[in-house]
Amino acid sequence: MRGRWVWLAIAIVVAVVAYPAAQRLKFDRSVERMFSSDDPLLGPYNRLKAEFGGNEVVVAVYRDKNLLNADGSGLARGAKGGDELEQVDGVQDVLSLAEINSLVEKIELFNLSKPKGKGAPILQPENKTAQNFLALFEGYTHGPNRETAAFACMLQPPPPG
């Protein structure tokens with residue numbers, strides 16, 4: 001324990017000297033930086049980004065044992081969560097199971113020959129359109145166990161420069 005005061009003084013001096021540099025430190029959290037420069041996936045990713053735009057995506061996942069409950073409570077929780085995420089600065093849009101349900105509802109409006117079930121179409125096992133959409137977005141908005149849900153949050157692109 002000898003010299004502890006000397007070591008404390010050295011630590012304080014180093015912290016004071018390093019503080020200004022630490023304030024200017026910038027982190028690059030882009031997807032491109034997750035790849036090493038020689039990664040064979042970097043080329044295809046850059047082509048994809050050039051063709052479809054460079055929006056970054058963040059996925060928020062949660063477990064809800066009543067996600068597809070017939071009473072619609074799980075879908076309502078998902079809609080509320082999606083609305084809250086859309087209010088976060090930097091989030092441009094959110095894709096969720098509730099959004100898929102809204103899309104199916106709009107499609108059903110134009111299908112006049114089909115009898116409408118009660119409640120959310122995505123919760124109706126006899127609704128083929130809804131079941132096809134559920135199958136299509138499985139792994140994106142919900143898990144195959146139908147108890148895991150996800151919000152795919154598209155982030156606003158950074159300003160140029």
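The following questions and answers concern a predicted model, in which local features need pLDDT of at least 70, side-chain atom pairs count only at pLDDT 80 or more, and totals for chains, interfaces and linings use all residues. Residues are numbered from 1 along each chain as its sequence is written, and side-chain values use heavy atoms, with hydrogens and water left out.

Q: In what order do the 3 strands of the open sheet stand?
A: Strands are DSSP runs (E, at least two residues; helices are H or I, at least four), numbered from the N terminus, and two strands pair if DSSP finds at least two bridges between them. The edge strands, β1 (57-63) and β2 (91-95), each pair on one side only. The pairing is antiparallel, and the order is β1-β3-β2.

Q: Which residue in β3 stands opposite Val61?
A: β1 and β3 (residues 148-155) run antiparallel and are joined by 7 bridges. Opposite Val61 stands Ala150.

Q: How many residues apart in sequence are the parts that Glu147 and Lys65 tie together?
A: Glu147 forms a salt bridge (a side-chain nitrogen of Lys or Arg within 4 Å of a carboxyl oxygen of Asp or Glu) with Lys65, the closest N and O atoms being 3.7 Å apart. Glu147 lies in the loop between α5 (128-137) and β3, and Lys65 in the loop between β1 and α3 (73-86), so the parts tied together are separated in sequence by 82 residues.

Q: Is Lys80 buried or exposed?
A: Lys80 forms a salt bridge with Glu84, with the closest N and O atoms 3.1 Å apart. Buried means under 20% relative accessible area, exposed over 50%, and partly exposed in between (1.4 Å probe, protein chains only). With a relative accessible area of 53%, Lys80 is exposed.
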